Amino acid sequence: MSATAHDDHHHGPTFAEIWLLQSTDHKMIGKQYMFIGMFMGLIGAYFAYAFRMQLAFPGVNVPGFGTVSPLEYNALVTNHGTIMIFWVAMPVLIAAFGNFLIPLMIGCDDMVFPRLNRLSVQIFLASAIVLIASFFVHNGGFGGAWTAYPPLSAKAEYNLTPLGSTLWLLAVVLEFAAFLIGGINFITTAMNARAPGMKALDVPMVVWMICIASLLFMASVGPLVAGAVMLLFDQVLGTGFFDPDKGGGPVLWQHLFWFFGHPEVYVVLLPACGITAEIITVFSRKKLFAYKTILYTVIGTGVLSFFVWAHHQFISGIDPRMANVFTITTVLISIPIAEMMFLFIATLYGGSIRFTTPMLWALSFIAEFLIGGVTGIFLGSSGADIYFHDTYFVLAHFHYTFFPIAIIGTFAALTFWFPKMFGRMMNDTLGKIHFWGTIIPFNFIFIPLFYLGAAGQHRRIYNFNHYPQLATPDLQALRVLATVSLLVMLSFQAVFIYNMLYSMFRGKKAPNNPWNANTLEWSCPSPPPHGNFGDELPNCYRGPYEYSVPGRDEDFWPQNLPN
Amino acid sequence: MDGDGQQPLRVDAPDMSMEQRQVVPNALLGTMIFVGTEIMFFAGMISAFLISKASTPGGIWPPPGQPRLPVEATALNTVALLLSGVAMVVAYHQFKKSPSKATAPFLVSAVLGVFFVVFQGFEWVGLLDHGLTMSSGPFGAFFFLIVGTHALHAVIGLGILAKVFVLLRQGALNLGGMQALTLYWIFVVLLWPILYWQVYL
């Protein structure tokens, strides 16, 4: 490892380390991932703003964007989805918090491959730049939906974005390479660099979840990369892997894509569940209910997630007998996740709950994700899905899963670990204003979209006035409601940005352990210096969730204290 | 400690050994995970190939009018690559005894690897001359995709072999590095007979 490399590093981070991504320190790399991810999140939000304005007020001159043309509309929805999943949810939840938390929580000085880690964030930045560049080429960015189904994605005469679609594909593949390197690092570090005495079941749940998520990612991404290379060849070399005229099959892409695409949901879900587990134990002062059961549940969910992918293809002409099988597996997978949510609720039961900002986020994760999970049952049933497929019901459903995962999970984690990351406390009142200003409008955006979907409103439509059955005033009123709620929600993010920037530089100095938590990261200074724990790395004497242990004066018992 | 229904206080006797345990050396573990990803990558390509092959109109594969692949010559080349893998395993075992003894089998492995790649290059030139290209249909497209991806892995593997050989000569190679290289090269070697069976036969 890098014990010697740390000796000449006792000065603060240099300009090149911060801005040119030259640092090998896992905390710096985690923050770089987080800020790049948040910046991409702003772009994704801006795209959502532009196309929601077009949907609510067709043809309007959107302030800050201009009139949305049909081609631009396609590029906006495509890249909104791509950015929010690949450049926000994954980098922030897995890469940023994985990098920041894993070495601190398992009690070591850095990742086991620090230079590979630096390479990972550099490739990630390159992928973001390639994606942004694709918006500015001839005819703009790719507009074939984030799922990139051929032949629309394969043929420039259909998608009209010859260069944009190729750059989009390159950016996605680069981004996967970055996460592959990062994931290898996470798992190797968590297996080999744990503090002396830390057994497998003493590892905090979020570290387990990030490692299992990385394993799922690496097991599922291979076929998609294979598909992406084939699609790239179809685009630029004129091969016909997915072209029926040349002997290929377009449904083949759907299999390769969703074989990755569905495990991907769990790749981002698991870290968010882990973050929730850490926060609710600290703020209900209780042991995590059924640690082992949660762990085995997650492993089972991970395995099962490889056998559900074809529920995205019920109307793609697959064999109905195959649809039956995938209906069963899809409905089955809701059991372990429901069980995990019950175990979280059982953790809360009888605890002395403290409603801090991170706790509010964690609780809302459970509540909102539940709606996403329950609506998924309708879509997993092949009969109901024939009607719901590609409607706004689907859209509302997966936003009720991805918003809790990516946005609520990120805010929960950031408000919780902010003192450790930046050494200062965030303002709790502003945090709560931001919380309610986000959660309430969020529900007002997406509940109307469930209704619209049930009314038959199809996705990826530029202007609903072209469809007489969908252009009725009551449906239009719901669209306006969703868009106005989005504007409210976006404007409340200013509170968060102000709170974060102000607290980073002017906030109250944070003590080492502001929340009286047990895990090892709270035993080192806030913010941790280079090498994290100083000269002596901690030992670990017990599990991470020993709260309110009878017979102790304090209601917490840090993992690094001998007794 | 008052019980009354509460969980008893958990007092683990601190582990007296209290040292970090590396189950598997870092370099080897990282490579194992990477090779796992690579296996899934090739599994994706091979299953795509099998699906396309099974849905050919008329079920005739390879499609009529396309050049035939050189089955016998490639069988010879397969043997060369397998021998390269054997030489690498020998090099690994010699390395464990004494690093200086590993040089000879290491060189044998590298030379056989280069032979494999060059031989395949000539084969490709011949096939291209006979009109088998990436855009001549799914047969050619899948052939060059799968075999080409494997060749790319072999070339990268030879590059790593060269770098590790320099380390070996300098005496700067550790066991984890040698294990990682051996694992990767064995992956490249053992993958080939599977591809040969699926694509050529």
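A:Pro91 counts as buried because 31 C-beta neighbours fall inside 10 Å of this residue, and the cut-off for a buried residue is 20 or more. The setting is a predicted model. A:Pro91 sits in helix H3 of chain A. Look past the residues up to four places away in sequence, and A:Pro91 touches A:Tyr33, A:Ile36, A:Gly37, A:Ala96 and A:Phe124. Take A:Ile36 from that list. A:Pro91 and A:Ile36 are 55 residues apart along the chain, yet their C-alpha atoms are separated by 8.3 Å.

Stay with helix H3 of chain A, residues 70-106. The largest nonpolar core has 223 residues. Helix H3 of chain A gives the most to this core, supplying 23 residues. Which residues touch the most other members of the core? They are A:Ala89 and A:Val207. A:Val207 has contacts beyond its neighbours within four places in sequence. Its partners there are A:Leu101, A:Ile102, A:Met105, A:Ile106 and A:Ala190.

Move on to helix H14 of chain A, which runs over residues 428-454. H14(A) has 27 residues. From first C-alpha to last, H14(A) reaches 39 Å, close to the 39 Å expected at 1.5 Å a residue. What follows H14(A)? A:Gly456 does, with a positive phi near 95°.

Now bring in the second chain. In this model, 36 residues of chain B are in contact with 40 residues of chain A. On the side of chain B that touches chain A, helix H1 (26-54) and helix H4 (138-170) each supply at least two residues. H1(B) gives the most to that side, with 15 residues. What is the make-up of this side of chain B by class? It has 18 nonpolar, 13 polar and 5 charged residues.

How confident is the predictor? For the model, ipTM is 0.91 and pTM is 0.93. Chain B averages a pLDDT of 87. In chain B, 91% of the residues score at least 70. Where does pLDDT stay under 50 in chain B? The stretch is residues 1-16. For residues 1-16 of chain B, the model has 17 contacts beyond four places in sequence.

Note on methods:
Residues are numbered from 1 along each chain as its sequence is written. Chains are lettered from A and ligands numbered from 1 in the order in which they are written. This is a predicted model: local features need pLDDT of at least 70, side-chain atom pairs count only at pLDDT 80 or more; totals for chains, interfaces and linings use all residues. pLDDT is the predictor's confidence in each residue, from 0 to 100. Two residues are in contact if their C-beta atoms, placed from the backbone, lie within 7 Å. Helices (H or I, at least four residues) and strands (E, at least two) are DSSP runs, numbered from the N terminus. The expected span of a helix is 1.5 Å times one less than its number of residues. Ala, Val, Leu, Ile, Met, Phe, Trp, Tyr, Cys and Pro count as nonpolar, Asp, Glu, Lys and Arg as charged, and the others, Gly among them, as polar. A nonpolar core is a set of buried Ala, Val, Leu, Ile, Met, Phe, Trp, Tyr and Cys residues joined through C-beta atoms within 7 Å. A residue is buried if 20 or more other C-beta atoms lie within 10 Å of its own, exposed if 12 or fewer, and partly exposed in between; C-beta atoms are placed from the backbone.
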